[in-house]
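Here is a briefing on a ligand site. Look over the sequence and the structure first.

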Amino acid sequence: MGNQPLIVLSEESQRTSGKDAQSMNVQAGKAVAESVRTTLGPKGMDKMLVDSTGNVVVTNDGVTLLSEMDIDHPAADMIVEVAETQEDEVGDGTTSAVVIAGELLSQAEDLLDQDIHATTLAQGYRQAAEEATEALEEIAIDVEEDDDEVLEQIAATAMTGKGAESSRDLLAGLVVEAVQSVADDGEVDTDNIKVEKVVGGSIENSELVEGVIVDKERVSENMPYFAEDANVAIVDGDLEIKETEIDAEVNVTDPDQLEQFLEQEERQLREMVDKIADAGADVVFVDGGIDDMAQHYLAQEGIIAVRRVKSSDQSQLARATGARPVSNVDDLSEDDLGFAGSVAQKEIAGDQRIFVEDVDDAKAVTLILRGGTEHVIDEVDRAIEDSLGVVRTTLEDGKVLAGGGAPEVNLSLALRDYADSVGGREQLAVEAFADALEVIPRTLAENAGLDPIDSLVELRADHDAGDSAAGLDAYTGDTIDMDAEGVYEPLRVKTQAIESATEAAVMLLRIDDVIAAGDLAVSDDDDDEDMPAGGPGGMGGGMGGMGGGMGGMM
Ligand code: ADP
Ligand code: MG
């Protein structure tokens, strides 16, 4: 072979190896964390994202920010996944998870510079994460599922600092009521909670309806406005005569024939409606269209019909009323019908909607969110989603932690103690992990315009003195007892954040070779182009390392 390098990669592929690869990944991860950092906590700021078509999203929510930002780097994507996992598992704590992941990488960078091997680091980080989870369980507070006061405080904590904050108490009450009404033996399926966004009015006008609201009107003016003690049918098809698939030509030789043809169609439609009426339905929700003639017959029968109902609404209606959807009206029988005490078309903020209430199986509720503008409601909706997630998690697990940075300071101290027992080079990694967790209280302080060092020193002192719930009051800058203040987060929000942040950081640190088929997304020429406001500065700068690394390709 001599000195000839063996070329196994195609010319277009790019390769970054060793320290360059590590440094590139660390920079990318840090850049992602940096881009959401300022949104953390009660005093976190919002970001405005504008996509290439001019759509605007104003948000404070970590996972929304990251998914709306046009992030296109393999390592950065892995950090974005941390937020997505957090969102799926608990629904809150997405910013915290990403910020911790970024700080773990940042701390690792220093240790890598001191020639500590990445595997040692990974080992230490894993040990620390495990120890942290155990330590958190020890300080967790038990919550009973009917403890409305604490549940509302949990719901309110998740909304702090978001668009929903102004009506936090009202919304927290609605969220708790919603989750409790769909809870079934400690299991909560938030799919049974529908959030209906209504532009108009103020957030204060938001309310909870036991049942389902369908954003449609009855199909004909001649149908009744409401039905009491209604039997509900759900049809997963159309109430129309199928047009022939092939271009059939019907040769009509005399007017009688045409009449016959139309009569036959009418008869078929009449039969469909008869089927529905005979089954005893008062209301029918149809997935597809309803022929004009069928509408006429239905109105004659005094049946309320709604067409083009979204399939998600159909399944919610089925769950709530107990109706069994049929795809063909011919198969409809009494047994397929569901029940609702009241089905009515009502006006809300100038829009007509169908309210299906007093359902048999009240395991479905609708939260009507009101707000002045669409952007406002969208952001309130995101806060509500977080809030629903934390209340659900609390009902499922029954364990919460006091917030405001208290758990992180607590862990940081516990891990430093633990580090002494670890020994070896892993000890340094455990200590780095302990330092990294403090990024949460530090950032809470920074975002509140406080001096992070002063705040941390005070927090540490309180925790040293045994107050495991001491956290940072972002409004006054004081260190207060978060337990007494009623700032709570589910235990799982913290354990999940620490677990996924650790996994992602460890995975990135163990990479010493990045081989990309074709251009790596963030190359020198398209650095800034499709990055929306918020991320670009940090990202563009962070990616610089890559260009250098490319030189060694073969
Ligand atoms: P995340 O996406 O991580 O949930 P948030 O912006 O919701 O980000 O901020 C969550 C952090 O804010 C948590 O550390 C939580 O304890 C803290 N926090 C929430 N409410 C308060 C409060 N009233 N006082 C102090 N800290 C709070
Ligand atoms: Mg939150």
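Which polar backbone atom lies 3.0 Å from an oxygen atom of ligand 1? That atom belongs to Gly 41. The model is predicted: local features need pLDDT of at least 70, side-chain atom pairs count only at pLDDT 80 or more, and totals for chains, interfaces and linings use all residues. Side-chain values use heavy atoms, without hydrogens and water.

**Contacts and burial**
- Gly 93 has a polar backbone atom 3.1 Å from an oxygen atom of ligand 1.
- For Thr 94, the corresponding distance from a polar backbone atom to a ligand 1 oxygen is 3.2 Å.
- Ligand 1 taken alone exposes 570 Å², and the protein buries 96% of that (Shrake-Rupley method, 1.4 Å probe).

**Shell**
- Ligand 1 is surrounded by 22 residues (a heavy atom within 4 Å).
- Asp 92, Thr 95, Ser 96, Gly 404 and Glu 489 are the closest.
- The shell divides into seven nonpolar, 11 polar and four charged residues, with Gly counted as polar.
- Helix H4 (94-113) and helix H14 (439-447) are the elements that give two or more residues to this shell (helices are DSSP runs, H or I, of at least four residues).
- H4 gives the largest share, three residues.

**Domains**
- The chain is assigned domain 1 (14-141 + 402-538), domain 2 (144-210 + 369-397) and domain 3 (213-359); the bounds come from an automatic or database domain assignment.
- Ligand 1 lies between domain 1 and domain 2, because both give residues to its shell.
- The C-alpha centres of domain 1 and domain 3 are 53 Å apart.

Conventions:
Residues numbered from 1 in each chain as written. Chains lettered and ligands numbered in written order. Polar contact = N/O pair within 3.5 Å; in protein donor to acceptor, adjacent residues only side chain to side chain.
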